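Open your viewer and get ready to click along. Each stop on this tour tells you what to select and what you will find there.

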Amino acid sequence: MGLRDVTLFAITCITSTRWVPGAAHAGAGSITLWMLAAVFFAVPLAIAVGTLIVKYPGVGGLYLWTRKDFGPWHGFLCFWTYWIGIASLLPPVVLFYVPVTFRALGPRTAWLADSQFWLVAAGLAAIWIALGSNMIGMSVGKWTENSGAIATWLLAVLLAMGAAVMAARRGVATPMNLMPRWNWGTVNFWAGIAYAMSGLEAAGLMGAEIRDPERNLPRGGWIASGFALVFYMVTTASLLVILPPQKISEMTGYAQTAEAAAPAMGAWFAPAVAILLLVTGIGAIGGVGTGTSRLPFAVGVDRLLPEAFARIHPRWGTPHLSILALGLVASLLLVVFQIGDEMRAAYQELVRSEEHTSE
């Protein structure tokens, strides 16, 4: 991957559209929190990743960096904690994007968002499209991430256009008071804002597959981090221009906003938002999942895992078994989370929803 691909890859890893409805629900103060998160979290993270990739260029990222400085045991612990965290994160990610897409596409598909069968089926398809495309080689897989990053840009532009039209027609729905609510009930929500600015470390896991990583990853990381800040601020503000925060649900906020703006923008607006959301979700799964799959490969090379994890596919040139393992665990967790539970409960259990704290 060159600079362009690294930048787009990093955008998919950092920028997650699922955080925006929750931020909009908390009010215009979230825009200030995005700026604070960029200064106090994204900037230090970009410096740290850029420094470490120059110090230890190669496959494995977090594992490699920790192992080199602190030894095999600490490296293995770092790998295991991060890998389990990402495997557990992928199911709630698809449980956000899939139902929102169903609802935003219109009444004919909205009922699918309440069907466990279709949620699981579409969620499994999203996971395996994202990971499967990367399993057959980065020359193919990188376009999953590239498409996700481009869709993220387009989504920001589309929502900004909808907000501009709605503001011109009937004014701004939310007073833009940029002072955050300073109370203990929102402390955990602030942490979520900071977490939304993470993800660059996932791009660092791809060091061995980046041309001139010491130069391209730091540059791509800074560009992607800057874009993430602009995206979060613009899309949060756009949702608040179209709807007041109390009418924006963290689960269905995009669908509600698209429906509210559709009369002014046209019937194409809501389906366009839905499709772009789904593409960004698949890109995010592909980026984070592909980067994370390099961890067991690097650990396998060091013989801290079974040798099979260190195998490279003879034709595709990818750690296919490591990608397969991540996909299987994420798929199993997706099915387990849905058995006997509603989509919203499963999502909130893992993502720690902040809707109740921001009201």
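## A cavity and its surroundings

Select Val94, Tyr97, Val98, Ala126, Leu278, Gly281, Ile282 and Ile285: together they line the second largest cavity. Keep in mind as you look around that this is a predicted model. The space inside this cavity is about 40 Å³, and the count of cavities of 30 Å³ or more comes to two.

Which helix gives the most to this lining? Colour helix H13 (269–301): H13 supplies four of the lining residues. H5 also supplies at least two.

Keep H5, residues 72–104, highlighted. The largest nonpolar core has 103 residues, and its largest share, 15 residues, comes from H5. Now pick out Tyr232 and Tyr254, the residues with the most contacts inside this core.

Stay with Tyr254 and show its surroundings. Leaving aside neighbours within four places in sequence, Tyr254 is in contact with Thr17, Val20, Pro21, Phe96, Val100, Leu155, Leu159, Leu239 and Leu277.

You will find Thr17 in the loop between helix H1 (3–14) and helix H2 (20–25). Is Thr17 buried or exposed? Its relative accessible area is 0%, under the 20% cut-off, so Thr17 counts as buried. Beyond its neighbours within four places in sequence, Thr17 is in contact with Phe96, Tyr97, Leu155, Phe231, Tyr254, Leu277 and Thr280. Tyr97 is a link back to the first stop, being one of the residues that line the second largest cavity.

H1 is mostly covered, with ten of its twelve residues buried. To see them, select Asp5, Val6, Thr7, Leu8, Phe9, Ala10, Ile11, Thr12, Cys13 and Ile14.

**Last stop, Arg303.** This residue is in the loop between H13 and helix H14 (320–338). Check its backbone: most residues other than glycine have a negative phi. Arg303 is not a glycine, yet its phi is positive, at about 65°.

Key: Residues numbered from 1 in each chain as written. Predicted model: local features only at pLDDT ≥ 70, side-chain atom pairs only at ≥ 80, totals over all residues. Heavy atoms only, no water. Buried < 20%, exposed > 50% of the residue type's maximum accessible area, 1.4 Å probe, protein only. Contact = heavy atoms within 4.5 Å. Core = buried A, V, L, I, M, F, W, Y, C linked by side-chain atoms within 4.5 Å. 1 Å grid on protein atoms, 1.4 Å probe; cavity = no way out; pocket = protein on both sides within 12 Å on 5 of 7 lines; lining within 4 Å. Points joined across faces, edges and corners; volume = space filled by probe spheres on them.
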